[in-house]
Amino acid sequence: MSSRPVTKEGLLKQVDTLRDIARRSRRLSETMELESDRRRLTAHVDAIEECATRIEKQAIEAKTFVIATFPQQKKTDWLA
């Protein structure tokens, strides 16, 4: 099994993806009829945005482009 490096670029792509999900979820929350559902989704959006901010800080503070290496998951037959 080979290892896949975690790079600044990869982390910043994750940040972009998370922020996109947060934007779309926030728009969705505005269409929800039940206040309880809206609050619950908004809480999840806040958590996603906090996660994106933490990852962005990690990428900015990194001195090199390779942050760490993680083993790639083994593909199963049904994914191939």
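This is a predicted model: local features need pLDDT of at least 70, side-chain atom pairs count only at pLDDT 80 or more; totals for chains, interfaces and linings use all residues.

I then traced the fold, which has 2 helices and 2 strands and runs β-α-α-β along the sequence. Of the contacts between residues at least 6 apart in sequence, I noted that 77% join residues at least 24 apart.

Next I turned to helix H2, which covers residues 35–61 and spans 39 Å from its first C-alpha to its last, close to the 39 Å expected at 1.5 Å a residue. I listed its buried residues as Leu41, Val45, Ala52, Ile55 and Ala59, and what covers them includes helix H1 (8–29).

Which charged side chains link the helices? I found 8 salt bridges in the structure, and one of them joins Glu56 and Arg19 at 3.1 Å, N to O. Because Glu56 belongs to H2 and Arg19 to H1, this pair ties together parts that are 37 residues apart in sequence. Glu56 is partly exposed at 26% relative accessible area, and Arg19 is partly exposed at 27%.

I also recorded a salt bridge between Asp46 and Arg26 at 3.3 Å, N to O; Asp46 lies in H2 and Arg26 in H1, so the pair ties together parts that are 20 residues apart in sequence.

Within H2, I saw that Arg40 and Asp37 form a salt bridge at 3.1 Å, N to O, and that they sit 3 residues apart, about one turn of the helix.

Key: Residues are numbered from 1 along each chain as its sequence is written. Side-chain values use heavy atoms; hydrogens and water are left out. Helices (H or I, at least four residues) and strands (E, at least two) are DSSP runs, numbered from the N terminus. Contact means heavy atoms within 4.5 Å. The expected span of a helix is 1.5 Å times one less than its number of residues. Buried means under 20% relative accessible area, exposed over 50%, partly exposed in between (1.4 Å probe, protein chains only). A salt bridge is a side-chain nitrogen of Lys or Arg within 4 Å of a carboxyl oxygen of Asp or Glu.
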